[in-house]
Amino acid sequence: MHEHPTTPSRIERLIHSPAVRSTYASLLAHVLILIGLALLLIPSLEKPRPRPLVIAMADAESIDMVAGAAAGGDVGTEEIVVPLTTEPVPPVDDATAVDPPIVPVTDPVAIVPDAPEADQRPRTEPIHAIAASLAPQPRPGSVATGRSPFEGRRGPTRGKGLLERGGSAASEDAVERGLAWLARHQAIDGSWRFDLSGCRCDGGCRDPGTVASTTASTGIALLPFLGAGHTHVDGAYRETVTRGIYYLMSRMQPTPRGGDLGEGTMYGHGVATLALAEAFGMTHDQALTKYVRDAVRFIETSQDLHGGGWRYLPGQPGDTTVTAWQLAAVKSAGIAGIAIPSPTIDGVVRFLDRVQVRGGEAYGYQAPQPRPCTSAIGLLCRLYTAWPNEATIDRGLAALAKGGPDPDAIYLNFYLSQALLQRDHPLWQRWNARNRDQLVARQAARGHETGSWFLTDQDTAPGGRLAHTALAVLTLEVYYRLLPIYSPDAVAGGW
Ligand SMILES: [Zn+2]
């Protein structure tokens, strides 16, 4: 029906809602944090080697084939309830099968046929559809204001958030350079790979990663674009984002328990789901609805019913990092209007209760044995689940931030920045100024690496330059991507 005028204005209004934005921001932050945590946590177990990321995102089989078979291999007999597209998923490496340039970049609106039939559309159709024809789905609760949580990522609002929350002209320039590097390193099939394969880098950048999951890498790479307001519907990177989102959609594996995006690890599933949920929340593109819903369902059915968390494989007793990813994804989907059953969130709270120490000031990985990273993640999760003990959270954050940001602890800093800003913590301003300037100063400025990051963090090395760059950009986007999660709307409309 018509036209852009309607959609944009609605979206804009939605975006203006601090609550919505904060929630999404939180989700993104969480996701990132989770990744970081996963990397950090796992790595910290084995000091000399960068195992964390690898472990976190490695294929399930390589981690625990036995457990995998036991936990996730028994779904064959279940009735298929998932409304997933039954079409076979195109092989990843088969560029031709993946509907290459599906991207109707030139005119997203024109492509939009009948919104109602979005779910039945063949895979080859552009995912943008919606844009104009879809009326933003009013989210129960916080969306009542008609605003979107993502509003702050664009235009004047973005600039305002940047300045008010501690960003700088230099950090914004760094974000732009980082996005440009990411765009240059997108593979031909629309994915991003931790090992930088499939793109035009061709060895031009050092420090490639080794993690195999292409959904994890693609999801992580997409988040910085979404964080800066670039979607598959509009923005200078519309085509880039479109190809990335389409790639993720093509990788979803239908299962009786939902759509699996993990490529063998729940880390990948959480990150990919978060990216799709954000894109959906920002555009209300109905072509994404089913994918987000199915991915969320997979998260729900993969939760450890006893402990309440998630780990590499469905049903395994959880760990803080993987759990945080799922929480961020689910929270983001909830903000976008996808119904999230309360038992899922109750499980997260149960898990946090089990790994916390000092009354909730610090958190462990799988047990109450706190590390800085897991503590930062746990505190963020507390914020997202609207934990009422704010004083406890602030004490925990103070303990983590009082020493100032370690220049190389990119994951920890990513998480901490989100939590400190959300709480408007007394240490935020000083901590942020240092962390921000350190990050900007460490951005590569020569050759093909220009705009990227790779810090000397052994624990996160498996993610390589791609992961570090994505996390660094996300950290520098915190000023407008993240909003106070404790705002009344965010809390009320949360789940
Ligand atoms: Zn390169």
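Is the crossing of H12 and H13 left-handed or right-handed? The crossing of these two helices is left-handed, where left-handed is the term used if the near helix is turned anticlockwise from the far one by less than a right angle, and right-handed if clockwise.

The structure is a predicted model, in which local features need pLDDT of at least 70 and side-chain atom pairs count only at pLDDT 80 or more, while totals for chains, interfaces and linings use all residues. Residues are numbered from 1 along each chain as its sequence is written. The protein chain holds 20 helices and four strands; helices (H or I, at least four residues) and strands (E, at least two) are DSSP runs, numbered from the N terminus. Of its 495 residues, 62% count as buried. Here a residue is buried if 20 or more other C-beta atoms lie within 10 Å of its own, exposed if 12 or fewer, and partly exposed in between, with C-beta atoms placed from the backbone. Two residues are in contact if their C-beta atoms, placed in that way, lie within 7 Å. Among contacts between residues at least 6 apart in sequence, 76% join residues at least 24 apart.

Confidence is described by pLDDT, the predictor's confidence in each residue, from 0 to 100. Its mean over the protein chain is 76, and 65% of the residues reach 70 or more. Over residues 1-8 the pLDDT stays under 50, and the model has ten contacts beyond four places in sequence for them. Residues 31-146 also have a pLDDT below 50, and this stretch has 288 contacts in the model beyond near neighbours in sequence.

Attention now returns to helix H12 and its partners. The axes of H12 and helix H13 (residues 342-355) come within 11 Å and cross at roughly 150°; axes are lines fitted to C-alpha atoms, for helices over the stretch in contact, and angles run from 0 to 180 degrees between N-to-C directions. H12 is therefore roughly antiparallel to H13, since angles under 35 degrees count as roughly parallel, over 145 as roughly antiparallel, 65 to 115 as roughly perpendicular and the rest as oblique. On the H12 side, the contact is made by Thr320, Thr323, Leu327 and Val330, and on the H13 side by Thr344, Val348, Phe351 and Val355.

H12 (residues 320-335) also meets helix H14 (residues 372-384), with axes that come within 10 Å and cross at roughly 30°. This angle makes H12 roughly parallel to H14. The crossing of H12 and H14 is left-handed. Residues Thr320, Thr321, Ala324, Leu327 and Lys331 of H12 meet Thr374, Ile377, Gly378, Leu380, Cys381 and Tyr384 of H14.

Ile338 sits in the loop between H12 and H13, and counts as buried because it has 20 C-beta neighbours inside 10 Å. Not counting residues up to four places away in sequence, Ile338 touches Val292, Arg293, Val296 and Ala333. Its C-alpha atom is separated by 8.2 Å from that of Thr289, 49 residues away along the chain. Asp353, in H13 itself, counts as exposed because it has 12 C-beta neighbours inside 10 Å.

H16 is mostly covered, with 14 of its 14 residues buried. Asp424 follows H16 and lies in the loop between H16 and H17. Although Asp424 is not a glycine, its phi is positive, about 50°. Asp424 is exposed because 12 other C-beta atoms lie within 10 Å.

Leu196 likewise has a positive phi, near 60°, in a residue other than glycine. Leu196 is found in the loop between helix H7 (169-184) and helix H8 (214-227), and is buried because 25 other C-beta atoms lie within 10 Å.

Finally, Arg442 is placed in the loop between helix H17 (428-441) and helix H18 (464-476). With 18 C-beta neighbours inside 10 Å, Arg442 counts as partly exposed. Beyond residues up to four places away in sequence, Arg442 touches Pro407, Trp453 and Leu455. Arg442 and Trp453 are eleven residues apart in sequence and 6.9 Å apart in space, C-alpha to C-alpha.
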